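Hi everyone, thanks for coming. Today I'd like to walk you through a few local features of one protein model. Please have a look at it first, and then we'll start.

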Amino acid sequence: MGEVRKLQKKLRQIENLEIKASLTTEERVKVSKKAELRARLAELLLQLSGPQQTQSIVGKESEKMKRQVVENPAALSVQSPAPKMPRAASPETGNGQEEGESEEEPDSQVIPASTETSSWQQQEESEVSTLQASWEATRFRLRTLEGHSDIITCVIAVDNLVISGSRDTTVKVWHVPTATEQRNLGGHTGGVTCLCAPPPEFCRRMARFLDLSEKERFILSGASDCCVSIWVLSSGQCVKSIYTFSAVTAICFVPEGHGYIITGSDGGKVQAWSWQSMDNCQSVNAHEEAITALQSQGPLVFSGSADGSLCVWEVHPSSHGSPLQRLQQWGPSVTGCGGTQTGHGGSHRGHLALSPRGDRVFMASGRASIRVLDWRKGTVSRMTNHSSTAGVTDCINQTSGLLIGSCFDLATGESTLNLFTLPRCRYLVSLISPETPRILCFSMWRTASGDHRWVTGGRELTVWEQLPSKTKQKGDVAVKRDSRLDSSLMESEEDSEGEVDEESDDYSEEDSMPQDASDTEGVAGSSWLRCVLQ
């Protein structure tokens, strides 16, 4: 395993080098060894996997394969709800019997709880099987949107429009039905790092204030130039620019009171801005490292940092005082998303993506699994998002009844979107496009007819369009099932995953990437964020 971990570390470092704006001669030499390293890693993983680690089976063929034996069946049992007891325990007997009832014939009166639980499990299995079969028959068409000259760092969808932000300092608006660029929003002087769209109700208020049509939509963009820009979507006009004094790394909108813009900085600061006056309402030094994710859920705001920590805030509208009140804060020792420090100044994993749902927050932090945090209790579970430690999870998102996690295979260079049910988190299928590069950002929506539309960004901006079920057109995406993702969903959080911790390994000088001041990408930690902010 030692050589496997070394190879995985080197490939992670190369991936971070490849998204840099420019490379030195030495860095280009490192990158040129990627194919050789991948081939060696794939060979070692094949040797370690054993004969039973069969690759994914396409479509319905997976139903013919025997499911692998779960290594820890008790770990899966937590997915089932507590069985309903058919009869309350009697105070006199304390064992659920009626007074005077014979202990020798309990089955004649009481339905065993295990039978009811088994029936519920059979129903759930049937529903999951139906969903799996439906997704295995689904086809997607891929369309690449060309126009950005550097990596795409963020993407959102508004109606039939896709809005993308890039390190090339521009925000572009795309018309999805025609896959054409509609507008180029230039104005930032640094790389664009984040986007969000206020709800229509708050857009109408702003439109009335600016004497625009009440149907007008606005979008917000944050960048490394320390500015938040507010754009009119139809015209591309920038109607307001807010200077925040720090590089903006995350942004979200909270629809409470008159509305608030919440921003996160590269120094770990959370700030609240009034949507009505654009004034700064509050600034809080919330995290030790850069804030890489801000997500809102009603009045709640979730902030995630490069140090692996998570904060939960509640917004209380007020004409005076501070609207943000911290409800919870969990450090990397709880979330399981932090990296350990290393030499040359130390480092962390770098990018934490969030997707909240009720009391749970799904977290992606560059590992082969998705962490699931109960933010009220501080308990963490884990969902397998890749069948080996060579997987990297960068993005997590959800829509009604569906959770989607991106996965990049360091050994093969293959990008995958894995689909899970909500709220049970049962694995459905994996969508694979061999030509799709590593997915660094992801957004999703449903059409009026209920079909899925997704957009992914990274080195390319790609629209995933679900084809009608009756069409004869061939899809561009392979739909597969990997039974190895079935067997470890929602495990109890233990340090048994075996994922490579690239910060903790010690390597000889000739084996490791340089980690001096001019080449901090040698550590696969905060380098991702530094590359985005270039």
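Let's begin with Asp 211, which is exposed because its relative accessible area is 72%, and exposed means over 50%. Keep in mind that we are looking at a predicted model. You'll find Asp 211 in the loop between α6 (200–209) and β8 (218–223). What is the phi of Asp 211? About 60°, a positive value, although Asp 211 is not a glycine. For background, most residues other than glycine have a negative phi.

Ala 179 also has a positive phi, near 55°, and is not a glycine either. Look for Ala 179 in the loop between β5 (171–175) and β6 (180–185). Is Ala 179 buried, exposed or partly exposed? Its relative accessibility is 23%, so Ala 179 counts as partly exposed.

Now for a peptide bond. In general, most peptide bonds are trans. The one from Leu 422 to Pro 423, however, is cis, with omega near 10°. Pro 423 sits in the loop between β26 (415–421) and β27 (427–433).

How much space lies in the second largest pocket? About 1,300 Å³. This pocket is lined by 46 residues, and the closest to its centre are Val 155, Ile 156, Leu 195, Gln 295 and Asn 397. Among the elements that give two or more residues to the lining are β3 (152–158), β7 (192–196) and α8 (527–533). Sorted by class, the lining has 32 nonpolar, twelve polar and two charged residues.

Terms used
Residues numbered from 1 in each chain as written. Predicted model: local features only at pLDDT ≥ 70, side-chain atom pairs only at ≥ 80, totals over all residues. Heavy atoms only, no water. 1 Å grid on protein atoms, 1.4 Å probe; cavity = no way out; pocket = protein on both sides within 12 Å on 5 of 7 lines; lining within 4 Å. Points joined across faces, edges and corners; volume = space filled by probe spheres on them. Helix = DSSP H or I, 4+ residues; strand = E, 2+ residues; numbered from the N terminus. Nonpolar A, V, L, I, M, F, W, Y, C, P; charged D, E, K, R; others polar. Buried < 20%, exposed > 50% of the residue type's maximum accessible area, 1.4 Å probe, protein only.
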